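Open the model in your viewer and keep the selection tool at hand. The stops below say what to select next and what is there.

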Amino acid sequence: MTPPDPPLGRRAELAAGLAEVEARITAAAVAAGRGREEVTLVAVTKTWPASDVALLRDLGVREAGENKDAEAAAKAAEVEGVRWHFVGQVQTNKARSVASYADVVHSLDRARLARALDEGARRAGRRPDVLLQVSLDGDPQRGGALPADVPALAALVAGLEGLRLAGVMAVAPLGAEPRPAFDRLVAVGQQVSADHPGACVVSAGMSGDLEAAVAAGATLVRVGTALLGHRAPLLR
Ligand SMILES: *Cc1c(COP(=O)(O)O)cnc(C)c1O
């Protein structure tokens, strides 16, 4: 009898996931008349071990995303050579911690959080990039500022020494076509970058909707499942 194939190593699994995601981003960019290099891939490594972040880094993915402060802080202390993106909602009392390791905070959606992150960053002698999270469905549970409130929030952040306003971010509304929502986000982003030159990042698109995001003009996609596999369900 021939022995069963050896299980694929984790490195090979991640390499296969990465090849698939790269092909999807490239195809979406080409279809939109854009270049692959216009879209940054952030690997959302939440729930996966730090060793996976290191394997992805060694495969060339230098941007990692996390959504829980304790988990992110531990991985950032353990893995060198990656830029850390905080993509989850930030409780104000965690802002100081997040500002001490995050290179990019994607979820700034209120003035109080902006001030807390600014203070934390200045204490740590850092100046992280921040993206203004925009609510595309008006549901405050999922985070995000209403589009009408974004220009004032952008002006506030632009005046804070500890933060660098870098653009906008959104999560597609649940149960709706993502493309029109991403088009609205891109329009909000264009207003922000017109008022604040250099703040031109548009963070949108995940495993299920990255093509729609790239077609709309996203400059950064946040991909977990398609790269790393299905996360174990959270037990509460
Ligand atoms: C988990 C998460 C992602 C990645 O989602 P996948 O569907 O696993 O690709 C992207 N953005 C945010 C804000 C997330 O919390």
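Select strand β3 (residues 83-86), helix α4 (residues 95-101) and strand β4: together they make a right-handed β-α-β unit. A crossover counts as right-handed if, with the strands pointing away from the viewer, the path from the first strand over the helix to the second runs clockwise. Helices (H or I, at least four residues) and strands (E, at least two) are DSSP runs, numbered from the N terminus.

This is a predicted model, in which local features need pLDDT of at least 70 and side-chain atom pairs count only at pLDDT 80 or more, while totals for chains, interfaces and linings use all residues. Residues are numbered from 1 along each chain as its sequence is written, and side-chain values use heavy atoms, with hydrogens and water left out.

**Around β4**

Colour β3 and β4, which pair in the parallel sense over 2 bridges; two strands pair if DSSP finds at least two bridges between them. Across this pair, H85 stands opposite V104 of β4.

How many of the 5 residues of β4 (residues 104-108) are buried? The count is 5 of the 5, so β4 is largely enclosed by the rest of the structure. Buried means under 20% relative accessible area, exposed over 50%, and partly exposed in between (1.4 Å probe, protein chains only).

**The cores**

Now show the side chains of V98, L108, L117, L132, V157, L163 and L185. Of the 51 residues in the largest nonpolar core, these touch the most other members. The largest share of this core, 6 residues, comes from α7. A nonpolar core is a set of buried Ala, Val, Leu, Ile, Met, Phe, Trp, Tyr and Cys residues joined through side-chain atoms within 4.5 Å.

Centre on L117. Leaving aside its neighbours within four places in sequence, L117 is in contact (heavy atoms within 4.5 Å) with A95, V98, A99, V105, L108 and L163. A second, separate core of 18 residues includes L41, V61, V214 and L228.

**Helix α7**

Select residues 178-195, the 18 residues of α7; at 1.5 Å a residue they should span 26 Å, and the end C-alpha atoms are 26 Å apart, which agrees. The expected span is 1.5 Å times one less than the number of residues.

Which residues of α7 are buried? They are P178, A181, F182, L185, V186, V188, G189 and V192. They cover an arc of only 165° around the axis, which puts them on the same side of α7; the arc is that of the directions from the helix axis to the C-beta atoms. On the other side of α7, Q190 and A194 are exposed. The buried residues of α7 pack against α6 (150-158), β6 (164-169), β7 (201-203) and α8 (210-216).

Move on to H196, in the loop between α7 and β7. At 17% relative accessibility, H196 counts as buried. Setting aside neighbours within four places in sequence, H196 is in contact with A154, A155, A158 and L165. In α6, the buried residues are V150, L153, A154 and V157.

**Strand β1**

Finish at β1 (residues 40-44), where 4 of the 5 residues are buried, so β1 is largely enclosed by the rest of the structure. Strand β8 (residues 220-223) runs parallel to β1, joined by 4 bridges.
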